[in-house]
Amino acid sequence: MTQYGVDQAVHILRNGGLVAFPTETVYGLGADATNELAIRKVFQTKGRPSDHPLIVHIASAAQLSNWAAKVPKEAILLAEAFWPGPLTLVLRKQPHVFESITGGQNTVALRIPRHPLALALLTAFGGGLVAPSANKFTRISPTTASAVREELGNEVDMILDGGACEVGLESTIVDLTSAKPLILRPGMISAEAIEKVLQKSVKVARQDTPVETRAPGMHHVHYAPVTKTKLVKSANLIKVISKLNANELPIACMIYSDITLPTTPGISWVNLPKDPAGYAHELYRTLRAVDQQKFHMIIVEAVPEGVEWEAIRDRLIRASG
Ligand code: TXA
Ligand code: MG
């Protein structure tokens with residue numbers, strides 16, 4: 001992307017416009033975090049309920065205290081270890097931070113993304129940008145510029161194209177406002193990696209019960225295709241498929257393991273990488289592509305139990321409602 005793209009984006013943002021930009025996780029729908037009208041446009045464009053708080057993206061940890069009233073030692077340790085990168089910190093907010101950003105809470109979520117274009121944009125802009133994932137409410141987050149275009153069309157003033165997002169899943173969110181750090185949303189930075197840096201145990205908010213009070217964006221149905229999506233354990237896959245009636249076909253079946261595939265008509269097999277990083281990178285793009293093909297159903301092979309699959313498991317459970 002040329003400097004021209006960044007300059008134009010900054011101009012649009014300073015005038016209260018919306019700019020979608022790439023981060024290493026997913027594309028964000030960016031707006032000036034000090035402009036109430038621009039923030040309102042973000043909610044309208046996404047069709048997102050107004051009590052769902054937004055993450056403020058910044059260019060450097062030196063800006064943390066502009067937004068956070070208290071920057072605990074844990075925040076500094078995690079920032080040093082993982083920023084720029086796919087980690088969001090929830091801290092006590094400064095009084096001036098709009099309630100429209102925080103969903104009326106006294107906390108604010110902050111993150112420094114590591115995509116070079118996001119960093120160039122944030123540096124040139126100089127201030128904070130709110131940036132929810134650039135999709136319609138409850139839909140699959142976009143991991144390419146063309147996916148943003150599909151989601152938001154001309155409702156966004158500009159889309160900066162930075163290619164396919166490296167990580168492919170939203171950031172890990174850690175709440176540092178109570179005695180024990182609490183992971184509100186799992187991401188590719190695991191609880192273990194965070195514990196190692198903090199040298200203490202962290203809690204993980206249960207993902208099977210709504211945590212609406214703390215992270216209202218964590219809806220039960222989220223990241224969801226339009227096509228009915230079902231999660232099936234590897235061991236049951238062949239059995240489930242063999243029981244399908246003709247009127248339930250065609251279906252797509254997304255797998256990662258080495259299963260001997262029956263060549264049943266009406267079943268499209270879609271392979272995903274076997275390693276968690278590769279799988280995360282491909283997941284949303286694959287779901288989006290499969291969703292457009294008008295299958296009667298998408299069957300997704302459930303992923304392994306290990307901690308390195310936690311964020312992927314979380315998104316698959318939400319995608320299947
Ligand atoms: O990777 C990401 O985090 C991406 C990229 C664009 O940075 N952004 C993203 O934003 O996923 P969004 O708006 O789709 O999800 C933000 C999540 C929501 O679940 C929201 O509830 C939570 O962050 N959140 C924001 N502020 C919060 C706060 N003060 N307390 C608790 N949760 C908060
Ligand atoms: Mg989102």
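Guide: Helices, taken as H or I runs of at least four residues, and strands, taken as E runs of at least two, are DSSP runs numbered from the N terminus. The model discussed here is predicted.

Visitor: In which loop does Lys294 lie?

Guide: Lys294 has a positive phi of about 55° although it is not a glycine. Most residues other than glycine have a negative phi. With a relative accessible area of 66%, Lys294 is exposed, because exposed means over 50%. As for its place in the chain, Lys294 lies in the loop between α10 and β14.

Visitor: What span should helix α10 have at 1.5 Å a residue?

Guide: Helix α10 covers residues 276-291, which makes 16 residues.

Visitor: At which residue does α10 bend?

Guide: The buried residues of α10 include Tyr279, Ala280, Leu283, Tyr284 and Leu287, and what covers the buried residues of this helix includes α7, β12, β13, β14 and α11. The bend of α10 is about 40°, and it falls at one of these buried residues, Leu283.

Visitor: At what angle do helix α4 and helix α8 pack?

Guide: Helix α4 comprises residues 73-82 and helix α8 residues 191-198, and their axes are 9 Å apart. The contact is made by Glu74, Leu77, Leu78, Ala81 and Phe82 on the side of α4, and by Ala193, Ile194, Val197 and Leu198 on the side of α8. By class, this contact has eight nonpolar residues, no polar residues and one charged residue. The crossing is right-handed, and the packing angle is about 120°.

Visitor: Which residue is joined to Pro84 by a cis peptide bond?

Guide: Most peptide bonds are trans. Pro84 has its place in the loop between α4 and β4, and the cis peptide bond there, with omega about -10°, joins Pro84 to Trp83.

Visitor: What is omega at the cis peptide bond between Leu249 and Pro250?

Guide: Pro250 is placed in the loop between α9, residues 237-242, and β12. The cis peptide bond that joins Leu249 and Pro250 has an omega of about 0°.

Visitor: Does Thr138 count as buried or exposed?

Guide: Thr138 sits in the loop between β6, residues 129-130, and α7, and although it is not a glycine, its phi is positive, at about 75°. Its relative accessibility is 17%, and since the cut-off is under 20%, Thr138 counts as buried.

Visitor: How far apart in space are Ser257 and Pro273, C-alpha to C-alpha?

Guide: Ser257 is found in the loop between β12 and β13, where it is partly exposed, with a relative accessible area of 21%. Along the sequence, Ser257 and Pro273 are 16 residues apart, while from C-alpha to C-alpha their separation is 8.5 Å.

Visitor: What separates the C-alpha atoms of Arg206 and Ile183?

Guide: Arg206 lies in the loop between β10, residues 203-204, and β11, residues 229-232, and at 53% relative accessibility Arg206 counts as exposed. Arg206 and Ile183 are 23 residues apart along the chain, and the separation of their C-alpha atoms is 9.1 Å.

How values were computed: Residues numbered from 1 in each chain as written. Chains lettered and ligands numbered in written order. Predicted model: local features only at pLDDT ≥ 70, side-chain atom pairs only at ≥ 80, totals over all residues. Heavy atoms only, no water. Expected span 1.5 Å × (residues − 1). Bend = angle between axes of the 7 residues up to and from the residue. Buried < 20%, exposed > 50% of the residue type's maximum accessible area, 1.4 Å probe, protein only. Contact = heavy atoms within 4.5 Å. Axes fitted to C-alpha atoms, helices over the stretch in contact; angles between N-to-C directions. Left-handed = near helix turned anticlockwise from the far one by under 90°. Nonpolar A, V, L, I, M, F, W, Y, C, P; charged D, E, K, R; others polar.
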